[in-house]
Amino acid sequence: MEVTAIATGHEDPHFIAAKPSFMMAARKADLWIRVGLQLEIGYEQLILDGSRNAKIRVGTSGHLDASQGVLRLEVPTQKIDRSMGDVHPLGNPHYWLDPLNGRIVAKSIGKRLAKLAPANADYFKERTRSFQRELDERMFGRELVAKVGGGKLWALLLKGKLDKTLEKPGVPPLGGWLATMKPYAGRKIVTYHRSWSYFVHRFGLVVAGELEPKPGIPPSPGHVADIVERVKADGVKVLLMEPFYSRKAPDLVAAETGIKVVVCANSVAGQPEATDYLSMIDNIVNRVSSAFGQ
């Protein structure tokens, strides 16, 4: 099986160009996977039209919207317009930064591959289970997953009952990403763009402010000054941003406040450490927790 990515982790996913080479790659595809929630609204249809591949048109088995079934945050409850910035009417599209959504997406992809290639259905089911188990182990710790089960741990976490389960005799201690981030639950951070909502939601962080005055609008001097005052007032220690944004405004805030600028890839291959989905989350957890630990 060959996989081709339209965007790289070094690019802002909101501004991908519909290159002829992407259309050629799509022409040979058996499956097109979209992030969804209108993240690719500016280029997807152009690529699909240019590919002339009827197998991957919207509504066919060869077209998968990976956002189906995921937990969605920031779904607007009022009418939106461009004056509000880059606000997505279906919700914040950066949902893969919640490991739970990564687990859901893996299942969706595995099921669709099994449907398209039924002769290999058992293989895809096994690979899905293997991925989910490894994700669960990195989230909760291997011993805890072996004792309780990954699916049950997610259910307990979502119901707010995980801590009580961990107090029971014979239950291994919490490990993984959740244990690493747990000491920093409730801590405030500043972000550059509104792409970290799912990560901070899952690990209990609080976004005190964003360098963009509105989503997709570059930082203005006045807004940066407001962020500087907020950082000082709230004692914020971490500013989280993607590799493809300018460091000018973040470094100015850091110079004025001493805040730690943490650059993390939020897509695979955006940094050398982010070689796949699990290592990408590893990288974010390690960099953010290290910054708090300092």
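This is a predicted model: local features need pLDDT of at least 70, side-chain atom pairs count only at pLDDT 80 or more; totals for chains, interfaces and linings use all residues.
Residues are numbered from 1 along each chain as its sequence is written, and side-chain values use heavy atoms, with hydrogens and water left out.

Helices (H or I, at least four residues) and strands (E, at least two) are DSSP runs, numbered from the N terminus. Helix α4 comprises the 20 residues 121-140. The expected span of a helix is 1.5 Å times one less than its number of residues; for α4 this gives 28 Å, which agrees with the 28 Å between its end C-alpha atoms. Buried residues of α4 include Ala121, Phe124, Thr128 and Phe140 (buried means under 20% relative accessible area, exposed over 50%, partly exposed in between, with a 1.4 Å probe and protein chains only).

Four strands form an open sheet in the order β4-β3-β5-β6, with parallel pairing (two strands pair if DSSP finds at least two bridges between them). Strands β4 (206-210) and β6 (260-263) stand at the edges with a single partner strand each, so one side of each has no neighbour in the sheet. Strand β5 (residues 238-241) pairs with β6 in the parallel sense over four bridges, and Leu240 stands opposite Val262 in β6.

Thr191 lies in strand β3 and, at 1% relative accessibility, counts as buried. The side chain of Thr191 reaches the backbone oxygen of His193 at 3.3 Å. Not counting residues up to four places away in sequence, Thr191 touches Trp196, Val207, Gly209, Glu210, Leu211 and Leu240 (contact means heavy atoms within 4.5 Å).

The structure holds eight aromatic pairs. Rings of Phe, Tyr and Trp (its six-membered ring) pair if their centres lie within 6.5 Å; planes under 30 degrees apart count as stacked, over 60 as edge-to-face and the rest as tilted. The rings of Tyr95 and Trp96, with centres 6.0 Å apart and planes at 80°, are therefore edge-to-face, and both residues are buried. The rings of Tyr184 and Phe292 have centres 5.1 Å apart and planes at 15°, so this pair is stacked. Tyr184 lies in the loop between α8 (176-181) and β3, and Phe292 in helix α12 (residues 277-293), so the pair ties together parts 108 residues apart in sequence.

Terms used
A polar contact is a pair of N or O atoms within 3.5 Å; within protein, one must be able to donate a hydrogen and the other to accept it, and residues adjacent in sequence count only if both atoms are side-chain atoms.
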